[in-house]
Amino acid sequence: MSEEILVSTLPEFDVLYSDFVKKDERNGYEGFIVEPSSLKEFALSARDRWGYDYLSSVTAVDYFPDQFEVVYHIYRSLGGGALVIKVQIPREDPKVDSLYAIYPGSEFQEREVYDMFGIVFTDHPDLRRILMWEGFEGWPLRKDWKEPYYEEEFKPYASRWPNGVAERIEDKNPFGDNVQYPKGFNPETWIPSGEDALYMGLKRPDKLDGVDSEYVVVNLGPQHPSTHGVFRMAALIDGENVVDLKPVMGYLHRNHEKLGERNTFLQIMPFTDRLDYINSMSNNFGYALAVEKLMGIKPPERAEYIRVIMAELSRIQSHFVAAGFLLNDLGAFFTPSLYALKERELILEVFEAVSGSRMMCNYFRFGGVVRDLPEGLFETIRQLAFNRLPRKIDEIDEFLTGNEIVTTRCIGVGVLTADQAIALSTTGPILRASGVPYDIRRADPYSIYDRFDFDVVVRYHGDIFDRYLVRIEEMRQSVKIIQQALTQMPEGPIFEGKSQYQVKVPAGESYGRVEGPRGELGYYVVSNGQANPWRYHVRSPSFINLTSLREMCKNEKIADVIAILGATDIVLGEVDR
Amino acid sequence: MSDEKLNNPGIEIPPELSNQIAVTTLDKIYNWSRAKSLWPMMFGLACCAIEMIITASSRFDFSRFGMEVMRPSPRQADVMLVSGTVTKKMIPQIVRLYNQMSEPRYVLAMGACASGGGPFKEGYNVVSGVDKFIPVDIYVPGCPPTPQALLHGLIMLTKKIETEKLSEAEWYKKDFNEEIPVPILGPDLIDPRKYDVIKNHTFNEDPFIDGGLVIDQKQGEQS
């Protein structure tokens, strides 16, 4: 960087690059609109001249019937607000330059945009469908594409409200099932496209060692005890060493974003619980922030504190699970997990008391939380935060950190350098274990996190062991935040305004992001003033962290791939959405 | 089945042998041993899998009912807990796993999604319940079901097993073949049992994709 840059300010790109950049002046929109032909040039100078080195999110919006818009959110790894850039391309034959060469972290996100919208990214190294399978008919998130169970554009559907009739949606579909086929399709002559593209995409370097051996492709998953769900990796191995590896996902693609566009704003809230199902409170948090930003409201003080307490409790239980399940992957089967799950149960009881459900809390609302802490719960949380959890975190630390299995198998395995971690858009514990002190609670504070005294945990080796240590230490910091929040929490209302089923959300776009246990969880919401979002996108940390999986696994042993994946700590509901 | 029933089938046992032999029917001992040692397959799909793990861990502990050992291999498993949303991309693998399980085999659909599609039913990649493809013995409602609900479902399954009879067991019959054709991923999911229905509609009537853009123009406009 050649000149002094004030980190928190956004340069006036529309003045600096007036040839091909203009300000997005639509009402409720922010950022800059870049000419498609100059996208690469602009991204390069944003990265190298202005320090916007961290591409967080790539997504697209279908402004039917006008154009597609590809939206990029880019940050500085030093902290500060977003540089939002947009590229408008026609709906016919949509093409845009791939930013893979500048931001390698865009690889999977661009594939996702291609999969959902059919936008072709030129010069992308491996442009295939990622969530759906090759050969699937149609581009699901285009506004003119209809799912087989299509009823109406927007909920609530007339068949269900105000006068609901009992009927099976299967009966409305000619095939009697959730399927649709193009005209003239003959299933008997159909040849599935197979997986050649996947296997041929694995890079086979020339043999240098002179040993006459063959490369072998090993598929792990989707049904495999180590993959934490329905996840698959195609690994190319030479002997025991991994030469190349490609994650295959989409086995739990539940069409979150398409359903989100059909639902009303409030109806999406329970769906966000099921994204990262270990950690529903943080998911609620991010979505509530994004919509509140659009609505221009802020929750009352007490609600803010309750939110922070719940989000941090959620982080603790999630990291407990991550630490316990990492040991499963290392071969210490289930004993450490039992210790971790015991503490998790105590936190789940708190969630059940406030929200009525152990896992799917659906607790946040736009402008507050749904109900206050029930009687006696404050004391329970206080006991947990000041007494039980600190002891138990120390206990887990003591049992596991010095353990021989952990040290031998984790230290120096799956290394990701700081530069790689930033370039590959990793977030959360993976980024911080590589020596980048980037925590959104500090870098771009939301809610009331600027009031608390806590440390951003950072480690410098970038291996599995450091990722594990970051998680353990983050639990301690979360306890510290909860302790402060409990002491400061005021009495008062927990909801701003009056509660309603249909909130009025003004037109515009907003991007709300929180530091979830797995990293940056962002929600990109576009409203056109109606009761339903026009576009609803989730920037999920698990999904984007997987971009770095290949880099981490290269030249490691095949057995270590399991441990590396365990330390990446993915949740499949969030990977596939 | 209680021990009392097992030991007292109505046949008198000489007093000197009373604590050494038990007389029972083959059905009873066969069902009793199967029902008390159900091995679930270690197979998780989505959110419900987390509650399944919790049910297996110390607080709820389904090893109390003989379900101690979770087997990742379908060959060694008795019951498949379909724990989570079944997607079109995943159903070929699920059917294949089911085909690989050895008889007698049972399927428990855990949660709303596996039972009927649940909250994600309208999604384009979601199968409306695993029972569209494989036979389900027990449905456990909930989203996700609590561990107690899952335990109840598993106990119901053991009760079902205890009602079965060796002489009527399908899997010992001569021409028994319950191989389910594996679905194919085409332009959409293709069920090989429904070729006729599909062809009937794609060739003769208007297919479901109409290609027309029935979208409200007002919605398309951006302010």
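Chain A contains 19 helices and 15 strands; helices (H or I, at least four residues) and strands (E, at least two) are DSSP runs, numbered from the N terminus. Its radius of gyration is 24 Å, close to the 25 Å that the globule rule gives for 577 residues, so chain A is as compact as a globular protein of that length. That radius is taken over C-alpha atoms, and the globule rule is 2.2 Å times the number of residues to the power 0.38. This is a predicted model, in which local features need pLDDT of at least 70 and side-chain atom pairs count only at pLDDT 80 or more, while totals for chains, interfaces and linings use all residues. Residues are numbered from 1 along each chain as its sequence is written, and chains are lettered from A and ligands numbered from 1 in the order in which they are written.

**Chain A overall**

- The C-alpha trace of chain A spans about 70 × 65 × 60 Å along its principal axes.
- Of its 577 residues, 51% count as buried. A residue is buried if 20 or more other C-beta atoms lie within 10 Å of its own, exposed if 12 or fewer, and partly exposed in between, with C-beta atoms placed from the backbone.
- Among contacts in chain A with a separation of 6 or more, 68% link residues 24 or more positions apart. Two residues are in contact if their C-beta atoms, placed from the backbone, lie within 7 Å.

**A hairpin in chain A**

- Strand β3(A) covers residues 54-63, and nine of its 10 residues are buried.
- β3(A) runs antiparallel to strand β4(A), residues 67-75, and nine bridges join them. Two strands pair if DSSP finds at least two bridges between them.
- Three residues separate β3(A) and β4(A) in this hairpin.
- A:Ala60 has A:Val70 of β4(A) as its bridge partner.

**Where chain A meets chain B**

- The contact involves 64 residues of chain A and 58 residues of chain B.
- On the chain A side, α5 (256-262), α9 (335-355) and α19 (572-576) each supply at least two residues.
- α9(A) gives the largest share, four residues.
- The chain A side divides into 33 nonpolar, 16 polar and 15 charged residues. Ala, Val, Leu, Ile, Met, Phe, Trp, Tyr, Cys and Pro count as nonpolar, Asp, Glu, Lys and Arg as charged, and the others, Gly among them, as polar.

**Domains of chain B**

- Chain B is assigned domain 1 (3-34) and domain 2 (36-172). The bounds come from an automatic or database domain assignment.
- The C-alpha centres of these two domains of chain B lie 32 Å apart.
- Seven residues from domain 1 of chain B and seven residues from domain 2 of chain B make the contact.
- The domain 1 side has three nonpolar, two polar and two charged residues.

**The sheet of chain B**

- Three strands of chain B form an open sheet in the order β1-β2-β3, with parallel pairing.
- β1 (79-83) and β3 (138-140) of chain B are the edge strands, each pairing on one side only.
- The twist averages 20° from one strand to the next. Axes are lines fitted to C-alpha atoms, for helices over the stretch in contact, and angles run from 0 to 180 degrees between N-to-C directions.
- Strand β2(B), residues 106-110, pairs with β3(B) over three bridges.
- B:Ala109 stands opposite B:Tyr139 in β3(B).
- Helix α3(B), residues 47-56, lies across β1 and β2 of chain B at about 130° to β1(B).
- Helix α6(B), residues 147-162, lies across β1, β2 and β3 of chain B at about 170° to β3(B).
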